[in-house]
Amino acid sequence: MAKIITVTSGKGGVGKTTTTAAIGAALARTGDKVVVVDFDVGLRNLDLIMGAERRVVYDFVNVIQGDARLPQALIKDKRLESLFLLPASQTRDKDALTEEGVDRVIGMLSQHFDWVICDSPAGIERGATLAMRHAEIAIVVTNPEVSSVRDSDRIVGILDAKTLRAERGETVDKRLLLTRYDPVRAARGDMLKTEDVLEILSLPLLGIVPESPDVLKASNMGVPVSIHDPNSAPARAYHDAALRLKGENIAMETPRARGGLFSKLLRRAA
Amino acid sequence: MTLWKRLFSHGSAPQARERLQILLSHERQVLGGDDLLSRLREDILAVVARHVPCEQDNVKVRLERGTPMSILEIEVEVRGEVNLAISRAA
């Protein structure tokens with residue numbers, strides 16, 4: 001049986017889809033069988049970040065409505081043998097995903113994969129609650145910025161109330177992934193520090209992904225950032241996060257401002 | 001900003017932190033998934049939906065707190081026209 005992860009945040013644009021692709025690829029690179037599922041019906045983008053946009057024939061909604069079988073809709077990654085994508089549909093009908101349909105598809109996926117990673121749409125509406133419904137682990141993606149932290153707090157409340165685990169009286173294992181972290185601005189006191197966000201949200205930390213041009217470069221190329229340039233800072237952060245999800249004890253690397261005291265002073269004064 | 005101020009200011013992050021702490025301690029009470037308002041909302045939805053078509057997003061429950069009196073405002077949107085005779089029989 002698969003472990004089911006939901007990547008969520010409340011706020012849009014914080015890096016949910018980037019994270020889904022990056023963690024999915026990082027887990028697949030360790031040999032595990034992984035499927036990433038796009039729940040953003042009407043505004044799908046995971047296909048684009050994975051570089052599979054031209055290979056979408058059938059989608060999640062087609063499978064739910066019985067127009068396609070699940071294996072027909074799954075897209076195999078070109079780079080990693082054990083990585084698959086279930087794309088969302090572009091339909092404008094927001095009720096196209098049903099609870100029963102989602103239950104059935106997730107049930108089938110969890111029999112064939114080690115990890116099912118659900119990419120949640122932004123917001124707290126139906127799509128988002130359906131994406132978190134089966135979650136065993138929730139990755140709460142947060143930027144060190146007030147509106148993102150507030151929305152993450154809201155999402156944590158919903159994870160504790162609206163998931164199958166919550167209904168059964170169990171809890172979802174929630175982990176904080178801090179993204180777009182800029183160590184220079186944090187050191188200058190102009191960005192919330194990791195400790196600030198951790199204290200405010202009181203969630204265990206899964207990883208810190210530094211702000212980096214590599215993320216945009218990888219998305220331009222349609223390659224998950226964790227495998228685009230495996231030595232880049234965000235790729236290493238995602239790879240470590242994936243290993244932590246597998247239960248490995250990896251020391252947390254806090255991104256540091258590069259350079260010595262002199263260049264720091266210069267930056268401060270700039 | 002002068003070089004001196006730049007070097008010795010504490011930045012804006014402490015303000016962000018303080019504002020968030022105050023805001024979230026308030027919102028957790030009001031918006032938490034298991035608070036009075038969301039329970040009321042779900043109970044009202046369950047009763048209304050037995051008789052007329054009604055969905056989760058169509059039930060709004062607001063509480064205006066005040067002294068000496070608070071106002072609990074409940075607004076239920078129902079799709080289409082409601083036929084009173086049928087509703088009563090159902």
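Let me begin with one pair in chain A, where the side chains of Glu170(A) and Arg165(A) meet in a salt bridge at 3.8 Å, N to O, a salt bridge being a side-chain nitrogen of Lys or Arg within 4 Å of a carboxyl oxygen of Asp or Glu. This is a predicted model, in which local features need pLDDT of at least 70 and side-chain atom pairs count only at pLDDT 80 or more, while totals for chains, interfaces and linings use all residues. Residues are numbered from 1 along each chain as its sequence is written, chains are lettered from A in the order in which they are written, and side-chain values use heavy atoms, with hydrogens and water left out.

Glu170(A) is partly exposed, at 36% relative accessible area, and Arg165(A) is partly exposed too, at 22%; here buried means under 20%, exposed over 50%, and partly exposed in between, with a 1.4 Å probe and protein chains only.

Which side chain meets Asp196(A) in a salt bridge? That partner is Arg17(B), at 2.6 Å, N to O. Arg17(B) lies in helix H2 of chain B and Asp196(A) in helix H10 of chain A, so this pair joins two chains; helices (H or I, at least four residues) and strands (E, at least two) are DSSP runs, numbered from the N terminus. Asp196(A) is buried, at 11%, whereas Arg17(B) is partly exposed, at 24%.

Turning to chain B, Arg62(B) and Glu73(B) form a salt bridge at 3.0 Å, N to O, and this pair links strand S1 with strand S2, its residues being eleven apart.

Over all chains, the search finds 22 salt bridges.
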